[in-house]
Amino acid sequence: MSAEPAVRTEQQNREHLAGLLDLSKTKFSASPKGELTPSERWMRYLGFPGGLAVFAAVFFAPAPAGLAAAGQAALACFLLALVWWVTEPVPTFVTSLTLIVLLVFLDVRPSDDVLGVLGLDVIWLNVMAFVLSSILIKTNLAKRLALGLVTRWGTGAIPTLLAFLVLQLALAPLIPATAARSVITLPILLVVAAIYGASAETPNNVGRNLFLQSLLGINIFSSGFMTGSTANLIALSFIFGMTGKKVYYSDWLFAALPVAIVAMAIAGWIGPKLLFRIEPENLKPRIAGGMEAFREELARLGPLSAMEKKGAAIFGVVIFLWVTDRFHMGWFGFEISPVLAAIVGGILAFLPRVGILKWSEADIPWNLMLFSAGAYAGGLALDSTGAARWVIGKIFAAANFGPGTSFWPVYMAVIAINLVSHYFFTSKTMRTIIMIPFIIGIAQQLGWNPLWLALPSAFTIDWVIGLPISGKPNVIFLTTGQYSVLDNVKYGAVMTVVGILLFWVFGFTWFRFLGVTPGFGG
Amino acid sequence: MLVTKTGRPAFGQWAPGSDRPPVPLVLPALYLVLAALVAGPAAGATVTRYAEEIRLSRDGSAAVTLDVAVSGTPGESVRLPFGHAKADLATLRVAGALSPRVEQLEGGLPVLVVTLPPEPGPLEVRVTVPVFVAPGKAKAFGNRVLSYELVNATTGSCGRYEGTFLVPEGFRVNTIVETVPAESENAATRPFEVVRVDGRDGVRLVEPSLDPARRVAAKIRFKPAAHSPLFPGLLLAVGALYLYRFRDLAGGAR
């Protein structure tokens, strides 16, 4: 943390605040790392050989039945990468590059398939996400929105954190793409974090809470709405296709949204009170002059400039396309995917005379793209070689659900397996395709209404919170340098446990009341 | 709004109120029925299961076993799909049926023709294919490719198809390159699974209904199960080198 000068003149204060809020100086592509703590240094030291040991233990293990050689190798490579991503003995993108090379060298997947991952729509979306963020930053829109938010809500760090959770809750039913929601909030988060003294060079617990809670909010609130993510709809199509049972929007909303809200309320308490305690000096904005200085800064921005209006218009087009996706077919005769909508925004932003960005002003962290590509290559390898399916199958087989088993132990196990399984996937869709049919099969085998297990399981699909590779928002937010992989792992693991407990409690009570799980007589 | 027109029906169209179908419709239907009677698995024969197991040997040959559930009148001739055009027919052994023979249809597709015995029961066919996997230099990473396809060239359904392809001892299935039926992105289950039978790795492919003209196929890459003995040593060396080169990390905060 930088030391604050004891006394500042008003002019110095103003300059300090302006410098703090000038995000054009913040480069995602060159996020510096803060000082390592002793435990982080030890993790790095032991993480490298630890990853190799895990790799060797899986790769050289006797061939398990039902798993192809490529699947075993994919599992070994992914676990090695997982250990390295968490402990960071090498930068995360170097781990991804290592994973890419290993997948080819160990004959897991052909090089064309592995290298082709960089062309996936998710990578395009990440690239365009940063272009759109650059619009908000360059035009000062991010600064204006953040100052507006802080002066209205920001009596302190805690209300500010709460304000962002409310924002994420409001955006979740409107914009199904989680990456899109991350893009909208990222620049505002950066400015607010700066107001509380958090930056990539000097991360603090306000920044950690701000970004990690927003990440949790984006993912977990998606689970509250049937249209919160494509994976939710795929899960429902499986449920309908395999059981003929239709689930309505309101069924989903009444059952799942309360879980999401309670979960985020708990996350909002656990973060600043337990995991990343906010230092008392950071509870208020770290600017001499306090809230008045922010009001002045906001006033100094004046009315919306032409540049801001242009930026808002471009961003508005993209948001409009994201929000209205269900009407595209009727309007255009085809659907504009979130990534293509973002590319349209990118085109407008770069158009000479019309646009507002030059290529050199678009801050795209290519190290993040390589990190993502490696993560997706690993995830796809686990899926295509059948390794992910094999792991899940083994876990369910170990649970040994046979005839006569009572419902609740099975429910508890299924929920726990579902929530923990997100650590082995980089795609919610793939997880859904593998998990939901398994679960419907178990219910049918035991003679139960498949909805009792399948629907609560579907509610857990969006809980991709454990690792930076678990979901698109996780990858995007990691670039800010405001928190480490380990911070994400800590918060994610605690919230995964909270999620398991919550779904158990709701399963016994609220879901029973709604008939999602067997009723009080059942 | 539904509009009806009166008048003479078009050629082949069933006239409203007529109590019999027109001749142009009856003739093709009669032809199809007759063709089915002549070319079908048999007039009354029904095949409900067609399972085959292909055990590859290291020399590239394969021992093929067919297990077919067929029911019909004793003495009836039954035609069955047979995917082994290169089989050594001298090794053909059939239990549960009489006078087996392989016939080539136009286009070269083989079918197995057997006569049902007096006692009903499953049909078991054994045959050897001398060259199932072409001998020659292994591909990259020591991979070899098992490629197989079977077309139901008979006019009757063969019910559930289950093909088990076992690689030689000491080898492992590496990747399943393609299958027919193919894995669907949104399907709940895969049509294939990796299996282990009698300690040997393999792939089992399932087609719920092997209907006439339907094709099943598998292309599987397999390679020696053993790893290079140098690999563990290399990992150990890299790990040790890191621990030495980065030993300052263990020295506390800087």
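Q: Which class of accessibility applies to B:Arg55 in this predicted model?

A: Buried means under 20% relative accessible area, exposed means over 50%, and partly exposed lies in between. At 21% relative accessibility, B:Arg55 therefore counts as partly exposed. Its salt-bridge partner is B:Glu53, with the closest N and O atoms 2.6 Å apart. B:Glu53 is likewise partly exposed, with a relative accessible area of 21%.

Q: Which residue meets B:Arg126 in a salt bridge?

A: Side chains of opposite charge can pair when their charged atoms come close. The partner of B:Arg126 is B:Glu124, at 3.1 Å from N to O. B:Arg126 is partly exposed at 44% relative accessibility, and B:Glu124 is partly exposed at 32%.

Q: How many salt bridges does the whole structure hold, over all chains?

A: The search finds 22. One of these pairs is A:Asp462 with A:Lys428, whose closest N and O atoms are 3.4 Å apart. Because A:Asp462 lies in the loop between H21 and helix H22 of chain A, and A:Lys428 in helix H20 of chain A, the pair ties together parts that are 34 residues apart in sequence. A:Asp462 is buried, at 0% relative accessible area, and A:Lys428 is buried, at 16%.

Q: How is the interface of chain B and chain A to be described?

A: The size of an interface is often given as the accessible area lost when the parts come together. Between chain B and chain A the buried area is about 3100 Å², and carbon and sulfur atoms give 61% of that area. In terms of contacts, 32 residues of chain B meet 38 residues of chain A. Across the interface there are 14 residue pairs in polar contact. The side of chain B that touches chain A takes seven residues, its largest share, from H2(B). By class, that side has 15 nonpolar, seven polar and 10 charged residues.

Q: Which residues are linked with A:Asp107 in a network of salt bridges?

A: The network joins A:Asp107 to B:Arg221 and B:Lys223. Between A:Asp107 and B:Arg221, the closest N and O atoms are 3.3 Å apart. The count between the two chains is two salt bridges.

Q: Which residues of H11(A) are buried?

A: An α-helix has 3.6 residues a turn, so residues three or four places apart point the same way. In H11(A), the buried residues include A:Ala231, A:Ile234, A:Ala235, A:Phe238 and A:Ile239. Their cover includes helices H10, H12, H20 and H21 of chain A. The 14 residues of H11 of chain A should span 20 Å at 1.5 Å a residue, and the end C-alpha atoms are 20 Å apart, which agrees. After H11(A) comes A:Gly244, with a positive phi near 75°.

Terms used. Residues are numbered from 1 along each chain as its sequence is written. Chains are lettered from A and ligands numbered from 1 in the order in which they are written. This is a predicted model: local features need pLDDT of at least 70, side-chain atom pairs count only at pLDDT 80 or more; totals for chains, interfaces and linings use all residues. Side-chain values use heavy atoms; hydrogens and water are left out. Helices (H or I, at least four residues) and strands (E, at least two) are DSSP runs, numbered from the N terminus. The expected span of a helix is 1.5 Å times one less than its number of residues. Buried means under 20% relative accessible area, exposed over 50%, partly exposed in between (1.4 Å probe, protein chains only). Contact means heavy atoms within 4.5 Å. Buried area is the accessible area (1.4 Å probe) that two parts lose on being put together, summed over both. A salt bridge is a side-chain nitrogen of Lys or Arg within 4 Å of a carboxyl oxygen of Asp or Glu. A polar contact is a pair of N or O atoms within 3.5 Å; within protein, one must be able to donate a hydrogen and the other to accept it, and residues adjacent in sequence count only if both atoms are side-chain atoms. Ala, Val, Leu, Ile, Met, Phe, Trp, Tyr, Cys and Pro count as nonpolar, Asp, Glu, Lys and Arg as charged, and the others, Gly among them, as polar.
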